[in-house]
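Let us read this structure step by step. Have the sequence and the 3D view open as you go.

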Amino acid sequence: MVLLDQLLANKNLQLIGCCKELNAAYAAEGYARANGCGAVITTNAQTLNGEHWAAKRVEDAYIVSIPDKSSLVEALNDFVIAQKIKAGQITGVGASNEAILRFFNPATKKYVDKTFAEQMEISNLSGNISEVDGKPKLHLHVTLGRRDYTALTGHLLDAKIRGAGEFFVYPIDAKVVKVKNEEVGLDFYDFED
Ligand code: FE
């Protein structure tokens, strides 16, 4: 986008946006026929592949597909490391047939983990990416729809995709650090770092 920024700064050029490359090419040709000169600039979405994921980068966001029978959290971790994403936001939907949820008890500072092995809709996954001890760390929560249309929800340790897994990842160009708060027993944002 550096080239585009430079072109936009040039007062002698007029930028006309088009949604599709073919339309842009016809428009530029028509402009050139009428005025003697026209130009087309396109940006292309980048397709990426990794360990149990495929992704498409569109501008600053990633659309991530996690295939059937893959581990959701393993795949998202691999994706974040492969793309060197240090901070950002994750959202998603899909379906799973096995999920491990975690509940934190502040009174005991202990986690209670429970596995649910049944077909469920991932009706919402939301989470964030930050850095803990110098490594990228995903903090994910999920809402899972059961066969009887009731919902389970909690902190997500992992889930196996059974059906589709569709995610959006929005990286930010920043270092966001979390540090364990011993008093509470959880990782907290440390904005002083
Ligand atoms: Fe959590």
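Q: What counts as a helix or a strand here?
A: Both are DSSP runs, numbered from the N terminus. A helix is a run of H or I with at least four residues. A strand is a run of E with at least two.

Q: In which loop is the place of Ser71?
A: The model is a predicted one. Ser71 sits in the loop between strand 3 and helix 3.

Q: Is Ser71 buried, exposed or partly exposed?
A: Buried needs 20 or more other C-beta atoms within 10 Å, and exposed needs 12 or fewer. Ser71 has 17, so it falls in between. The class is partly exposed.

Q: Which residues does Ser71 touch, not counting residues up to four places away in sequence?
A: A contact here means C-beta atoms within 7 Å. Leu156 is 85 residues from Ser71 along the chain, and their C-alpha atoms are separated by 12 Å. The residues that Ser71 touches are His52, Asp158 and Lys160.

Q: How many helices and strands does the secondary structure come to?
A: Read the elements from the N terminus: α-α-β-β-β-α-β-β-β-β-β-β-β. Count each letter type. The totals are three helices and ten strands.

Q: What is the radius of gyration of the protein, and is the protein compact or more spread out?
A: The globule rule gives 16 Å for 193 residues. The C-alpha trace spans about 75 × 45 × 25 Å along its principal axes.

Q: How far apart do the C-alpha centres of the two domains lie?
A: Domain 1 covers 2-35, and domain 2 covers 46-189.

Q: How many of the 15 residues of helix 2 are buried?
A: Helix 2 covers residues 21-35. At 1.5 Å a residue it should span 21 Å, and its end C-alpha atoms are 20 Å apart, which agrees. Gly36 follows helix 2, with a positive phi near 100 degrees. Helix 2 is hardly covered, and its count of buried residues is zero.

Q: Why does strand 1 lie largely in the open?
A: Strand 1 has five residues, 46-50. Check how many of them are buried. Strand 1 lies in the open because that number is zero.

Q: Which residue in the hairpin of strand 1 and strand 2 takes a positive phi?
A: The two strands run antiparallel, joined by five bridges. Gln46 stands opposite Arg57 in strand 2. Two residues lie between the strands, and the one with phi near 65 degrees is His52.

Q: Is Pro106 buried or exposed?
A: Pro106 is found in the loop between strand 4 and strand 5. It is in contact with Val184 and Gly185, leaving aside neighbours within four places in sequence. Pro106 has 9 C-beta neighbours inside 10 Å, so it counts as exposed.

Q: What is the value of phi near which Lys109 sits?
A: Lys109 lies in the loop between strand 4 and strand 5. Lys109 counts as exposed because it has 12 C-beta neighbours inside 10 Å. Its phi is positive, in a residue other than glycine, and near 60 degrees.

Q: How many other C-beta atoms lie within 10 Å of Tyr149?
A: Tyr149 is in the loop between strand 7 and strand 8. Its phi is positive, near 70 degrees. Tyr149 is exposed, and the count is 7.

Definitions and conventions. Residues are numbered from 1 along each chain as its sequence is written. This is a predicted model: local features need pLDDT of at least 70, side-chain atom pairs count only at pLDDT 80 or more; totals for chains, interfaces and linings use all residues. Domain bounds come from an automatic or database domain assignment. Two strands pair if DSSP finds at least two bridges between them. Two residues are in contact if their C-beta atoms, placed from the backbone, lie within 7 Å. The radius of gyration is taken over C-alpha atoms; the globule rule is 2.2 Å times the number of residues to the power 0.38. The expected span of a helix is 1.5 Å times one less than its number of residues.
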